[in-house]
Amino acid sequence: MTTNRRPRGKIFDFMKELKITIPNMEYYPRENFRIKEIIEWSKERGFTDIIVLQEKWGNPHSMILSHLPDGPTATFRMSSVKLNEDI
């Protein structure tokens, strides 16, 4: 799991909840890597899937889910994200 290049805001809380929900998930900071580079790096290390979370105005906005090594890839738009503590 990684994020957009400079994450901030509620996306970190959302990532914590995803990590609890999906076993064996690991977070790697994106830094200045392109998604294509991240996918190649992940394939070399034997990862089966990759999730890229993106934010807009400090809130989770979209999620790219890609099954490695050859796909499929899906993009989801998120709106009105509610965390467990808010429910």
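## Close-up views of a predicted model

**Figure 1. Lys-43 is partly exposed, at 31% relative accessibility.** The model shown here and in the other views is predicted. Lys-43 pairs with Glu-40 through a salt bridge between their side chains. The N to O distance is 3.5 Å. Glu-40 is also partly exposed, with a relative accessibility of 38%. Both residues sit in helix α2, three residues apart, so about one helical turn separates them. In general, side chains of opposite charge can pair when their charged atoms come close.

**Figure 2. Arg-45 and Glu-44 form a salt bridge.** Their closest N and O atoms are 3.5 Å apart. Arg-45 has a relative accessible area of 47% and counts as partly exposed. How many salt bridges does a search of the whole structure find? The count is two.

**Figure 3. Arg-5, Arg-6, Arg-8, Arg-34 and Lys-36 form a positive surface patch.** Lys-36 is one of the members of this patch. The lysine lies in helix α2, which spans residues 35–44. Lys-36 is exposed, and its relative accessible area is 61%. Arg-34 is another member of the patch.

**Figure 4. The largest nonpolar core holds 11 residues.** The largest share comes from α1, with four residues. As a general rule, nonpolar side chains in soluble globular proteins tend to be buried together.

**Figure 5. Two prolines in one loop follow cis peptide bonds.** The bond from Leu-68 to Pro-69 is cis, and its omega is near 10°. Where does Pro-69 lie? Pro-69 is in the loop between β3 (59–67) and β4 (73–77). A cis bond also joins Gly-71 and Pro-72, with omega about 10°. Pro-72 is in the loop between β3 and β4 as well. In general, most peptide bonds are trans, and most residues other than glycine have a negative phi.

**Figure 6. Asn-24 has a positive phi, near 65°.** Asn-24 is a residue other than glycine. Its place is the loop between α1 and α2. Is this site buried or exposed? Asn-24 counts as exposed, at 76% relative accessibility.

**Figure 7. Ser-80 has a positive phi, near 55°.** Ser-80, too, is a residue other than glycine. The serine is found in the segment after β4. Ser-80 counts as exposed, because its relative accessibility of 67% is over the 50% cut-off.

Key
Residues numbered from 1 in each chain as written. Predicted model: local features only at pLDDT ≥ 70, side-chain atom pairs only at ≥ 80, totals over all residues. Heavy atoms only, no water. Patch = residues over 30% accessible without salt bridge, like charges linked within 9 Å, V, L, I, M, F, W, Y side chains within 5 Å. Areas by Shrake-Rupley, 256 points an atom, 1.4 Å probe, with all protein chains shown as cover. Salt bridge = Lys/Arg side-chain N within 4 Å of Asp/Glu carboxyl O. Lys, Arg positive; Asp, Glu negative; His and termini not counted. Charge placed at Lys NZ, Arg CZ, Asp CG, Glu CD. Buried < 20%, exposed > 50% of the residue type's maximum accessible area, 1.4 Å probe, protein only. Core = buried A, V, L, I, M, F, W, Y, C linked by side-chain atoms within 4.5 Å.
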